[in-house]
Amino acid sequence: MGETTVKIPEGTKASPTPPSGATADESGPVSRTGRQRRIRSPRRPRIWFEILLIAVSYWIYSLVRNAVPEQKAEALRNADWIWHAERAMGLGFEEAVNHAVNSVTWLVVAMNYYYATLHFIVTIAVLVWLYRRHPGRYAASRLILFATTAVALAGYYLYPLAPPRLMNGQNFIDTVKVHETWGSMASGNFKAVSNQYAAMPSMHIGWSLWCGLTILALAKAPWAKILGMLYPALTLVVIVATANHFWLDAVGGMICLAFGFAVSYAWYRALPHQLPRWVEDDRPRRRWLRWPGTSGKPVTPRPRRQTVGHTVRSTSATGTAPPGTSSPPTPTAPSPRSSPSSERTARPGRATPTGQVPSPGRAAPTSQTAP
């Protein structure tokens with residue numbers, strides 16, 4: 001009851017009912033697992049999309065970060081708590097480092113500009129390097145950076161924190177203000193457009209450590225690996241010496257970076273360095289599999305030169321003479337003036353393990369008996 005009966009005329013065959021999720025053409029069923037695998041597979045990035053994505057993402061990051069209400073009283077209380085906690089652990093060294101670096105004018109000025117510029121320059125340079133040299137790993141590495149930055153926004157909202165240079169009753173020095181350098185978005189003329197109480201976590205550490213680990217995992221030159229690991233270490237010294245962060249803020253940045261790695265691994269099922277370096281270019285009119293050192297175009301093997309005696313002939317990669325050429329002439333015996341080494345390589349009548357074959361132009365040895 002309720003079933004529909006379909007009569008099929010004699011001499012005809014019933015076409016099978018397509019399975020659920022099948023396409024109308026003959027491409028076969030499209031499963032959800034297949035779609036997810038295709039979406040999660042690495043693809044070659046597009047430059048216009050990446051520039052637009054990075055610009056929009058940083059604009060949203062700055063907007064949200066500065067939109068977090070400046071909870072000054074709570075931020076100062078949190079700063080006092082962290083400072084007392086570090087001193088209780090015997091690791092409250094920020095003030096000593098701040099005063100020591102401030103006594104060397106050229107050093108503290110260099111650190112101010114380091115804090116203001118390299119945070120962006122190095123990160124963008126690593127992204128460009130990944131795009132150019134490791135396109136198959138670019139998307140996974142970019143996802144780590146974006147996820148790290150996104151979770152940092154939650155930290156700015158949930159845990160407002162004043163930097164050491166803004167604490168009350170402490171002797172920290174605002175090096176940007178004292179030396180009148182352009183060094184901090186939360187000092188000088190930038191106070192009105194930047195949230196001064198968003199110090200936890202430190203994205204200077206999160207981004208610099210991302211750069212260092214990426215270079216360490218993917219770079220081949222030993223000097224590049226060394227510089228990659230020195231960069232986050234030097235950044236830690238800079239953020240402490242300029243009194244922009246506590247060292248515990250750096251720990252918060254590392255935790256955010258660990259979250260970014262977890263998100264990227266959950267999506268791609270692998271870490272960036274475990275993904276293929278080169279991926280198929282899925283742009284129309286240009287589909288090929290790119291490998292290191294190739295341009296994607298078929299390469300015709302170059303003919304190689306072979307020497308037989310004193311005659312040089314050119315053959316293709318398969319070892320046969322090129323079409324339209326005659327067979328090489330029969331090799332002749334080497335001249336008496338040729339060197340012994342060239343004679344050994346050019347003489348076709350060399351001795352074999354089973355016997356000796358006389359060389360052309362030389363008399364065969366005769367046996368002699370003693371009288």
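Me: Is W83 buried or exposed?
Reply: W83 counts as buried, at 2% relative accessibility. Buried is under 20% relative accessible area, exposed is over 50%, and partly exposed lies in between, with a 1.4 Å probe and protein chains only. This is a predicted model, where local features need pLDDT of at least 70, side-chain atom pairs count only at pLDDT 80 or more, and totals for chains, interfaces and linings use all residues. Residues are numbered from 1 along each chain as its sequence is written, and side-chain values use heavy atoms, with hydrogens and water left out.

Me: How many aromatic pairs in the whole structure?
Reply: Five. Rings of Phe, Tyr and Trp (its six-membered ring) pair if their centres lie within 6.5 Å; planes under 30 degrees apart are stacked, over 60 edge-to-face, and the rest tilted.

Me: What sort of pair do W83 and F172 form?
Reply: Edge-to-face, with 5.2 Å centre to centre and 75° between the planes. W83 lies in helix α3 (residues 72-88) and F172 in the loop between α6 (135-158) and α7, so the pair ties together parts 89 residues apart in sequence. Helices here are DSSP runs of H or I with at least four residues, numbered from the N terminus.

Me: F172, buried or exposed?
Reply: F172 counts as buried, at 10% relative accessibility. W83, F172 and F246 form one aromatic cluster.

Me: And F120 with W207, what angle between the planes?
Reply: 80°, with the ring centres 6.5 Å apart, so that pair is edge-to-face. It links distant parts of the chain, with F120 in helix α5 (residues 105-133) and W207 in helix α8, 87 residues apart. F120 is partly exposed at 29% relative accessible area, while W207 counts as buried at 8%.

Me: Changing topic. Where is A198?
Reply: A198 lies in the loop between α7 (175-179) and α8 (203-218). A198 is buried, with a relative accessible area of 4%.

Me: What is A198 in contact with?
Reply: R65, Y156 and L161, leaving aside neighbours within four places in sequence. Contact means heavy atoms within 4.5 Å.

Me: How far apart are A198 and H245 in space?
Reply: 9.9 Å, C-alpha to C-alpha, and 47 residues apart in sequence.

Me: Last one: which helix has V56?
Reply: V56 is in helix α2 (residues 47-67). V56 is partly exposed, with a relative accessible area of 37%.

Technical notes: Helices (H or I, at least four residues) and strands (E, at least two) are DSSP runs, numbered from the N terminus.
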